[in-house]
Amino acid sequence: MRIPTIFLLSLVFLLSGTAAAERLAVNAEDTNPPKICLVLSGGGARGFAHIGVLKELEAMHVPIHCIAGTSMGAVVGGLYAAGLSASEIELRLNKLQLNDIALDRVERRLLPQALREEDNRYPFGATLGLSASGVRLPTGVVQATQFLELLHNWTAHLKSDISFDKLPIPFRAIATNLENGQMVVFDRGPLHVAIRASMAAPGVFAPVEIDGRLLTDGGLVRNLPVDIARDMGADVIIAVNIGTPLLPRDQLRSLLNVSQQMVNILTEQNVELQKAALRPKDILIEPDLGNISFMDFERSAEASAVGENAAIAMRYQLQTLSLSPERYAADQKRQPHTELPSIKISFVEINSNGIIPKKEISRQVAIDNGSQYSAEEINRKLALLNISREYDGISHELIQRDGAYGVLINANERKWGPHFLRFGLALSSGFEGAGGYRLQVGHRYPWLTEGGLEWRNDIEFGNNLGLHTELRQPLFEQDGIFAAPYADIKKSTRNIYFGDTRIAEYSFRRDKIGLDLGIPLGDRSTMGEIRIGLGANQYRVRPKLGGILISSTEGEINTVELPRAALQQVGIKSSIIIDQLSDATFPRYGYEFDSELFFGMNKSGDNYKEFAINGTWAESINSHSINLKLGGAGLFQSSKEVRGIGPTLGGFQQLSAYQPDQFTGNYMLYGSATYLYRALKFDLAGQSLFVGSSLEIGNVWNKGHDISFGSTRKSASLFTGFNSFMGPIHLGFALGPSGARNIFFQLGRQ
């Protein structure tokens, strides 16, 4: 049987190709094998594909003699060059909540109580700085302090001034000088700092100042640094390009996407130039990462698998560079030893750029001379300072002077102050009843003095007008007991109901001044806070709309003005709050307890007592959560009763089927059970969409002997809600007995 000519030609081509591969493989075993350099591009979370490529190169016994990386390529490449295997990098990453680390998110229960309260009141994420120069924003959405800490811990075995040529694999990281646009190539210094500078994506991660230069992401000038690898002496380059593709026109409808597109265009232009510089014997790997985006950090395993498959697809070309198992093992053993010896700390220095005293930073870091150096332990202490939000970043490095080792603390205070503003917005509408709105502005001026004096102002506009101004002066330590003189003014309008009918509208004015002693609970008040102090209150209740109709014996109808009242008090107050909820609005686990007491008297000597107590408990199984709430309040007046200054119920999550503040009196009891189902989880934002249902029970009474279970009011509601960048949003409806109903929309907290 005659063999077709085309088959013979194919057989000859296959045999010749196999022979060529065998010759190249033999060349790789020569005494002078080619110097192979790995080039890893930037691309955010897409860069986890580099791990998969590295795993496959290890499996094929392809030696890597040098690495040049940009941005996420610098992260993976730098860790690999420092001695971590691809599998070890992947294993460590899989144990982390990468979205939280990348975006500097901190578990709520680790925040000081003052920051928890601010986040509840002012959910808008951005904090504005205010100075004589005007209004300023931080230089990046994220300072990436947690990522820097992580990189430092994983590379702590290296000297801080090490030459990158002395790493197990010589390495270069690429950054961009933000002032002049020039490329910066790191070839020595703290490895973790070089990596952090290379990955400072514009507008996302804040730039880094190193040696007087303000540095940002290297992708702007060299996202695929082929020429840098060539300068390192590479004979063969394996380039891995995972850059973010350009967005189609239909997605260019937001400022964020347009800004990102501009960066991508600049990046892709320099990538194409570098790809054109590749030579025939070089290998280009471009994993098809599909819709994995720059910030999809939770998809690290998926990106790694894509990278591994992309390397497998290039197996034929890569195998020409592989070594035998014995030769590969010998090649790995030639890597230099870079481990730090056991070190005792001889001195500690503080490099600070702000008003916070160095002695205060030293006290909080608490590093003893003569103690054993542990980068992880020091970084753990510094992480607590970063949580305080008083710094753009605080880090450390190991330095050597006169034969002794010491620790240098670099404390970069927030440069965009000294005044800081935060904002909140609350909107509510019952669609069938009263609604309202509030704009909230928070002002903070920390460190007015070296003693840690802080000025705090909270301003409210809308249906309510209010101002709370307070000074906080630490008495012994910055994070310890403090004195807080304050003044508080609030004016609001309250509707008065007879049954379900609104019969009047009142103006309420409450003025307070006082002096509190604050006692933190837990380390740095992470559990909560106790306050004890003296206070003076003044209440004024004035009618705005409505009146009383009286029929005379002659049959005439006369209108009588509604009553008004005033009350002044002086007394002792105390409060406690313990807050360990995972989230203030949609808690999945944890508990909260708060209570307030006031014992006072008016100018006539009449006694006045007021108390309030509330508790919340939350627990979850998978996507299902239960929240239980209990609350109570009481007002005791020995003189003539003043209506309207006691507790109220009604409105969203306060008997939702009824109108806001529909029920008022001297005694209040309330309880609710809420079921939440997490329908969607937005990993990048760290938030979820919930569908829920609540059962509520409670009432307000004027006389203690009227309190009974039979007189309580009930409400049942169905709703959906989630935490937006503007605050929590709820939409739902509620029903109660006797036809009570309400359809509600709520943005922010009532």
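Q: Two strands pair if DSSP finds at least two bridges between them; what makes β11 and β13 paired strands in this predicted model?
A: β11 and strand β13 (residues 404-413) are joined over six bridges in the parallel sense, and because the rule asks for at least two bridges, the two strands count as a pair. Within this pairing, N351 stands opposite N410 in β13.

Q: Why are β11 and β12 placed at the edges of the sheet?
A: The open sheet holds three strands in the order β11-β13-β12, with mixed pairing. β11 (347-352) and β12 (391-401) each have a single partner strand, so one side of each is left without a neighbour in the sheet. On average, neighbouring strands of this sheet are turned by 20° against each other, direction ignored. Helix α16 (residues 375-387) packs on the sheet, where α16 touches β12 and β13, and the direction of α16 makes about 155° with that of β12.

Q: What makes the contact between E286 and K275 a salt bridge?
A: The side chains of E286 and K275 meet at 3.1 Å, N to O, and because the rule asks for a side-chain nitrogen of Lys or Arg within 4 Å of a carboxyl oxygen of Asp or Glu, the contact qualifies as a salt bridge. E286 lies in the loop between β10 (283-285) and α12 (300-313), while K275 belongs to helix α11 (residues 255-276), so the pair ties together parts that are 11 residues apart in sequence.

Q: How do you know whether R299 and D296 are buried or exposed?
A: R299 has 18% relative accessibility and counts as buried, and D296, with a relative accessible area of 12%, is buried too, because the cut-off for buried is under 20%. R299 and D296 form a salt bridge whose closest N and O atoms are 3.4 Å apart. R299 also meets the side chain of E302 in a salt bridge (2.8 Å, N to O), and E302, with a relative accessible area of 39%, is partly exposed.

Q: What makes helix α2 mostly covered?
A: Of the 11 residues in helix α2 (residues 49-59), nine are buried; among them are H50, E56 and E58 as well as I51, V53 and L54. α2 is followed by H61, whose phi is positive, near 60°.

Technical notes
Residues are numbered from 1 along each chain as its sequence is written. This is a predicted model: local features need pLDDT of at least 70, side-chain atom pairs count only at pLDDT 80 or more; totals for chains, interfaces and linings use all residues. Side-chain values use heavy atoms; hydrogens and water are left out. Helices (H or I, at least four residues) and strands (E, at least two) are DSSP runs, numbered from the N terminus. Axes are lines fitted to C-alpha atoms, for helices over the stretch in contact, and angles run from 0 to 180 degrees between N-to-C directions. Contact means heavy atoms within 4.5 Å. Buried means under 20% relative accessible area, exposed over 50%, partly exposed in between (1.4 Å probe, protein chains only).
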